[in-house]
Amino acid sequence: MSNAGDTHSAFEIVVAILLSFILASSLNVYPLSADMALIRPSVMIMVLIFWLMFQPRYTGLFTAFTIGLIGDLILDTRLGQQAFAAVVMALVIKVASIYIKQLTTLGSWLLACFCLFVFQLTLWVVQFITQNIFVPQAGMAMLMSMACWPLVLIALRRYTH
């Protein structure tokens, strides 16, 4: 059932969420040259950030954990690393939503950039603690994700509040 202020039914939003994650996961594993793969944006995480910010009624910590596990599986990282980083990032969004009631385009971009940084920093720390590795090249992918955030916002803008 749709509230008077909602323009999309719950079913339509859930289908859009599922389809956006399927598309994002395929973009995350699409074969690229070695040089291009280093700067590949984290599309699944960007889409997760969007849904956590603009449809918190349908997404939350469980969604973040699930998407993180899927990311661990398709990107061949140790099981739980991306899931943990995604949950930490989702908690940042949940806390920010307490203080930020109305997101502007600039505000959503700044929050998304901060969340991408939190995700990558958490992933670096977890990988360093558990595997004693540090992948600084992931910073380039993070910066590319920050630069590409407006594209996700444009693509999914019809599902903002």
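Trainee: Let me start with a single residue. In which helix is L75 found?

Mentor: L75 is found in helix α4. Keep in mind that this is a predicted model. With a relative accessible area of 36%, L75 is partly exposed.

Trainee: Which residues does L75 touch, leaving out those up to four places away in sequence?

Mentor: The list is N28, V29 and Q82.

Trainee: Now the surface. Which residues make the nonpolar surface patch?

Mentor: The patch is made by V29, I70, L73, I74, L75 and L79, and it covers about 530 Å². Helix α4, residues 61-75, gives the most to it, with 4 residues. L79 comes from the loop between α4 and α5, and at a relative accessible area of 64% L79 is exposed.

Trainee: Let's go on to helices. How do I read the geometry of α1, and how many residues does it have?

Mentor: Helix α1 runs over residues 10-29, so to speak a stretch of 20 residues. From its first C-alpha to its last it reaches 29 Å, close to the 28 Å expected at 1.5 Å a residue.

Trainee: And which residues of α1 are buried?

Mentor: First the general idea: an α-helix has 3.6 residues a turn, so residues three or four places apart point the same way. Here, the buried residues of α1 are I13, A16, I17, S20, F21, A24, S25 and N28. Viewed down the axis of α1, they fall within an arc of 165 degrees, so they line one face of the helix.

Trainee: What do those buried residues pack against?

Mentor: They pack against α3 (43-54), α4 and α7 (138-156).

Trainee: Which exposed residues does the face of α1 turned away from the buried side carry?

Mentor: That face carries F11, L18, L19, I22 and L23. Take L18 as a case: its place is in helix α1, and it counts as exposed at 52% relative accessibility.

Trainee: Backbone angles next. What is the phi of D76?

Mentor: The general idea is that most residues other than glycine have a negative phi. In this structure, D76 has a positive phi of about 60 degrees although it is not a glycine. D76 is found in the loop between α4 and α5, and at 71% relative accessibility it counts as exposed.

Trainee: Where does N132 lie, and what is its phi?

Mentor: N132 lies in the loop between α6 (105-131) and α7. Its phi is near 55 degrees, again a positive value in a residue other than glycine. N132 is exposed too, with a relative accessible area of 60%.

Trainee: Last one, charges. How many salt bridges does a search of the whole structure find?

Mentor: The search finds 1 salt bridge. R158 forms it with E12, and the closest N and O atoms are 3.5 Å apart. R158 lies in the segment after α7 and E12 in helix α1, so the pair ties together parts that are 146 residues apart in sequence.

Trainee: How accessible is E12?

Mentor: E12 is partly exposed, with a relative accessible area of 27%.

Definitions and conventions
Residues numbered from 1 in each chain as written. Predicted model: local features only at pLDDT ≥ 70, side-chain atom pairs only at ≥ 80, totals over all residues. Heavy atoms only, no water. Patch = residues over 30% accessible without salt bridge, like charges linked within 9 Å, V, L, I, M, F, W, Y side chains within 5 Å. Areas by Shrake-Rupley, 256 points an atom, 1.4 Å probe, with all protein chains shown as cover. Salt bridge = Lys/Arg side-chain N within 4 Å of Asp/Glu carboxyl O. Helix = DSSP H or I, 4+ residues; strand = E, 2+ residues; numbered from the N terminus. Buried < 20%, exposed > 50% of the residue type's maximum accessible area, 1.4 Å probe, protein only. Expected span 1.5 Å × (residues − 1). Arc of directions from axis to C-beta. Contact = heavy atoms within 4.5 Å.
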